[in-house]
Amino acid sequence: MKKLTFSWLAEDLKNSDEWIFRVDEKLASLTRDFVKDQFHLEKPLFEYSKKDFQVEPVLELIRSAVDQAMLGTGIALVKGLPREGLTELEFQKMIWSISLHFGVPRPQGKSTQYLSEVSNQGTQYRAPNGRGYSSNAKLDFHADSCDLALLACFNQAKSGGESLVSSSHSAWEILKKERSDLAEIASQPFTFSRNQEEASGEAPFYSQPLFDFSEEEKLFGKWNRNRVRTAQEIPEVKPLSDQQIQCMDHLDQLLHRPDLTYRMSLEPGDLQLINNHSVLHSRTGFEDFDQQERRRLLYRIWLATPGSPQLPESWEPSFGSIESGSVRGGIRGKQYDSDCYEFEKSQAEAVGMVLPEEFLENPESPR
């Protein structure tokens with residue numbers, strides 16, 4: 001069986017297990033006991049550190065999954081983390097403390113939250129300030145604003161809520177082959193809205209291509225139709241050209257092709273890892289159970305990772321820094337303060353990462 005790369009098709013994932021990592025029942029039980037015995041749940045997130053989670057066999061397994069996501073297929077799945085016997089808060093703090101071994105968490109929105117509860121909170125996804133993670137809507141294919149996204153499942157939906165992933169590398173190769181004219185358009189800047197989540201000093205929008213190459217000639221993909229659409233409601237933003245609209249329509253059709261889209265249902269105890277530079281992801285709409293305790297619930301963490309690659313120059317407006325291994329990305333939002341800065345500084349030191357110089361000189365800057 002051939003080793004998978006960033007350029008995969010749905011059938012490749014279906015026929016391979018190199019991107020799936022399993023926690024056996026004995027190790028899951030050991031981890032559950034550790035969380036029950038060692039965790040202090042009243043402790044705020046920023047007071048947690050790598051030292052709070054020390055189940056080395058689990059860390060070794062997830063370390064392999066991180067490597068797979070960042071260097072192999074761009075997607076990895078860890079199955080079997082303890083879910084039964086843990087409360088929502090215990091599960092949340094377990095995932096958070098595990099993540100601190102693998103990078104610096106990034107803020108994710110207007111409220112400057114570093115850990116997002118992915119559940120239906122009544123958000124209107126198509127609103128100018130809409131976000132998909134807090135709605136039950138069907139989502140467009142998109143990339144998150146980070147190197148690596150972690151999504152841990154606590155509860156499944158009553159129906160729907162499937163995770164969809166497509167390789168942006170494969171999409172690019174197909175686009176070039178089938179519509180070279182549209183590939184040229186996709187290599188030119190599109191304008192994305194910040195959906196009213198911009199920090200002080202940030203413009204409400206930014207521009208970058210959908211596909212670009214770094215100085216090392218590595219391909220990077222970016223897409224989020226919803227944010228391109230909402231950018232059109234900002235007076236300063238230039239209207240989309242007919243060619244851009246045609247490119248967007250064709251790319252969306254391409255990403256949804258059965259040969260390119262891999263579908264998975266995340267189960268309780270699953271941890272999905274997505275490299276946002278090589279994989280685009282989406283989700284089907286879902287219906288919740290009536291009981292509050294059974295509602296669909298996942299926890300999402302965005303990471304800047306120590307082994308991250310250098311980005312294209314055109315990625316700087318959205319990521320802040322394009323340098324390899326730097327603390328970058330995220331949505332700083334409206335509530336970033338000195339506590340956030342000190343947490344990021346401490347966490348960067350803990351995992352051997354570098355804060356950009358301009359960030360150190362001015363912690364209140366957008367990145």
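A: **A residue and its contacts, then the charges**

Leaving aside residues up to four places away in sequence, Ile322 touches Pro309, Gln310, Leu311, Pro312, Glu313, Trp315, Glu316 and Arg328, where contact means heavy atoms within 4.5 Å. The model is a predicted one, in which local features need pLDDT of at least 70 and side-chain atom pairs count only at pLDDT 80 or more, while totals for chains, interfaces and linings use all residues. Residues are numbered from 1 along each chain as its sequence is written, and side-chain values use heavy atoms, with hydrogens and water left out.

Ile322 sits in the loop between helix 9 (316-319) and helix 10 (338-350); helices (H or I, at least four residues) and strands (E, at least two) are DSSP runs numbered from the N terminus. With a relative accessible area of 10%, Ile322 is buried, a class that means under 20%, with exposed over 50% and partly exposed in between (1.4 Å probe, protein chains only). Pro309, one of its contacts, lies 13 residues away along the chain, with 8.3 Å between the two C-alpha atoms.

Glu215 is placed in the loop between strand 10 (211-213) and strand 11 (219-221), and is exposed at 62% relative accessible area.

Turning to paired charges, the whole structure holds 24 salt bridges, each being a side-chain nitrogen of Lys or Arg within 4 Å of a carboxyl oxygen of Asp or Glu. In one of them, Glu197 pairs with Arg131, and their closest N and O atoms are 2.7 Å apart. Because Glu197 lies in the loop between strand 8 (190-193) and strand 9 (205-208), and Arg131 in the loop between strand 4 (116-118) and strand 5 (148-155), this pair ties together parts that are 66 residues apart in sequence. Glu197 is buried at 5% relative accessibility, and Arg131 is buried at 9%.

Arg263 and Glu162 form another salt bridge, with 2.7 Å between the closest N and O atoms. Arg263 belongs to strand 12 (residues 261-264) and Glu162 to the loop between strand 6 (159-160) and strand 7 (163-167), so the parts they tie together are 101 residues apart in sequence. Arg263 counts as partly exposed at 46%, and Glu162 as partly exposed at 23%.
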